[in-house]
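Let's take a walk through this structure together, one stop at a time. Have the sequence handy as you go.

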Amino acid sequence: AGCASCVKVAASRGQNVSARGVMATTALHEAAMGSEEVVKVLLAHGAEVDANDKEGRTALWRACEAGRAACAEALLRAGANRAVDDLRGVSALHAASTLSAGNLMGRTVIEADEERARMVRDLVTHSADKDNFNIDVRTVCGETALVCAARSGAARALEALLDVGAD
């Protein structure tokens with residue numbers, strides 16, 4: 001997705017900020033995995049917040065998978081749908097609850113788990129319809145976010161899920 005100033009220049013010259021790549025990903029999908037600043041610039045220039053890639057994943061889903069709480073928060077503030085599942089039935093909440101070595105991105109396990117706990121709380125408590133959010137949604141394999149957190153060793157995310165009422 002590039003640096004924020006590059007995105008501003010491209011958008012000001014009429015480039016489509018929601019253009020899709022081979023896997024139907026957008027610049028917002030890519031930025032959501034690491035740059036809150038670029039996410040905000042793309043959103044300010046009209047990027048489609050809930051665009052799905054070929055796997056059914058949105059930018060919010062990608063931010064949750066990567067453990068990027070600030071990006072997820074910016075997307076939620078922009079109106080991202082927090083209840084979208086990918087083609088395997090994995091929700092953003094499942095992705096946020098799963099800790100793996102592949103998504104530490106220079107952070108310690110404890111730091112990454114703290115970010116996941118923050119995302120869990122943000123996903124569950126965000127917006128006026130928070131009472132209609134199904135915290136115990138299951139994947140096609142029958143796993144809840146609580147199971148994902150426990151299986152992956154995300155202790156703080158697991159604690160956050162329990163704190164907000166997960167079964």
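Start at helix H9, residues 155-163, in this predicted model. Ala157, Ala160 and Leu161 are buried here. Look down the axis of H9 and those buried residues fall within an arc of 100 degrees, so they line one face of the helix. What do they pack against? Their partners are helix H6 (92-97), helix H7 (109-125) and helix H8 (145-152). Just past the end of H9, Gly165 takes a positive phi of about 100 degrees.

Now hop over to helix H4, residues 59-66, where you'll find Leu60. Leu60 is buried, with a relative accessible area of 0%. Leaving aside residues up to four places away in sequence, Leu60 touches several others, including Ala72, Leu75, Ala92 and Leu123.

Next come the charged side chains. The count of salt bridges is 11. In one of them, Arg57 meets Asp86 at 2.9 Å, N to O. That pair links distant parts of the chain: Arg57 sits in the loop between helix H3 (36-44) and H4, and Asp86 in the loop between helix H5 (69-77) and H6, 29 residues apart. Arg57 is buried at 7% relative accessible area, and Asp86 is buried at 5%.

Arg62 is buried at 12%, while Glu65 is partly exposed at 28%. Both of these pairs belong to a network of salt bridges that links Asp53, Glu55, Arg57, Arg62, Glu65, Asp86 and Arg88.

Conventions
Residues numbered from 1 in each chain as written. Predicted model: local features only at pLDDT ≥ 70, side-chain atom pairs only at ≥ 80, totals over all residues. Heavy atoms only, no water. Buried < 20%, exposed > 50% of the residue type's maximum accessible area, 1.4 Å probe, protein only. Helix = DSSP H or I, 4+ residues; strand = E, 2+ residues; numbered from the N terminus. Arc of directions from axis to C-beta. Contact = heavy atoms within 4.5 Å. Salt bridge = Lys/Arg side-chain N within 4 Å of Asp/Glu carboxyl O.
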